[in-house]
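User: Hi! I'd like to learn how to read the place where two parts of a chain touch. Can you walk me through it?

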Amino acid sequence: MSSDMSEHKKAVGEYAAERFIDSGMRVGLGTGSTAVHFIRRLGELIADGDISDIRGVSTSSQSLLEARAAGIGVFDLDDPTVDGELDIVVDGADEVDPQRNLTKGGGGALLMEKIVAHAARRVVIVCDEGKLVENLGIGFPIAVEIVREARLTASRAIQRLGGRPQLRLAQRKMGAVITDGGHMILDVAFERPFDPVAMEAEINAIPGVVENGLFTRCNPHVIVARADGELSEMKPAARS
Ligand code: 5RP
C-alpha cells in the first residue's frame, strides 16, 4: 500500500467520526486499517469534549483494543444500556459493488461485523477507491467462517457453488487462523460473477457455516477516498 493510500484511509476514517457521530449515540466500532482511524478520531473528539456519552460496541479484538486505547467506553451488544440496538456502525470493506453490496472479513471479523451491522440503524462504510469493483468475489476472496468439523464438507459444498475455498493460515502462528469466535475461515475465490444476494443465503445454508463475508442487506452509506484525495459518496436508498 502506498503511503498516499494510508493517508487517504486516515482521511476517510476521521471524516466519518466528525460527520456522523453525535453525543449520546450507541456506536458500532468497525475493524481494519481504515476503521481504526475512525476509532482514534472518535477518541480524540471525546477527549476534547466535543462529544460525550458514547457507548461503543466493538466488532473484534482489534477494535476493542483500539477503543480502550482511545478512551471510548466499550459495551457488549446485550448490555442493558445498549439493548441490542445501535444508532450507527462505521466499518471498512474489502470490496463494494455498484449496488453497494459488500464483502468483508479480510481481517477475520466478519461474524461480529455482520451482527453489529444488523443491529445498527445506519451503516457507514469507509474505504478507498481500490475497493470499488463491478463484481464481488473475483479479485478478493469471500471469507466464510466455519466450525472446524465442517472444513471438508463445507469446502465441497462451496465448490459445487462455483467457489475455490482455501483454509486461511495464520502468519505468526503455525496452522489455521482461529477467529475471535473460535472458528476457522475459508477464503473462497470465484472465477465468474454471481448474484450476491442469492450467494450470501446459499453459503449460509451449508451446515457448519457460521457466517460469510457477503453483506447484501445493510443498505450502507459508502464514503470513498479517491486517489486524487477527494471523498465521494454512494448513498443509501431512502427507506419507504
Ligand atoms: C475485517 C474487515 C475490514 O473492514 C476489511 O477487511 C477492510 O479492511 P481495511 O480497511 O484494512 O482495508 O472486514 O474483517
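User: How much area is buried between domain 1 and domain 2?

Analyst: Buried area is the accessible area (1.4 Å probe) that two parts lose on being put together, summed over both. Here, domain 1 and domain 2 bury about 1000 Å² between them, and carbon and sulfur atoms give 54% of that. On the domain 1 side, Leu110, Leu111 and Lys114 lose the most area to domain 2, together 51% of what that side buries. One heads-up: this is a predicted model, where local features need pLDDT of at least 70, side-chain atom pairs count only at pLDDT 80 or more, and totals for chains, interfaces and linings use all residues. Residues are numbered from 1 along each chain as its sequence is written, and side-chain values use heavy atoms, leaving out hydrogens and water.

User: Where do the two domains lie in the chain?

Analyst: Domain bounds come from an automatic or database domain assignment. Domain 1 covers 3-133 + 217-231, and domain 2 covers 142-212. Taken over C-alpha atoms, their centres are 24 Å apart.

User: How many residues of each domain are in contact?

Analyst: Contact means heavy atoms within 4.5 Å. By that rule, 14 residues of domain 1 touch 14 residues of domain 2.

User: And how many salt bridges cross the interface of domain 1 and domain 2?

Analyst: A salt bridge puts a side-chain nitrogen of Lys or Arg within 4 Å of a carboxyl oxygen of Asp or Glu. The rule finds three across this interface. Glu200 also pairs up with Arg217 in a salt bridge, with the closest N and O atoms 3.4 Å apart.
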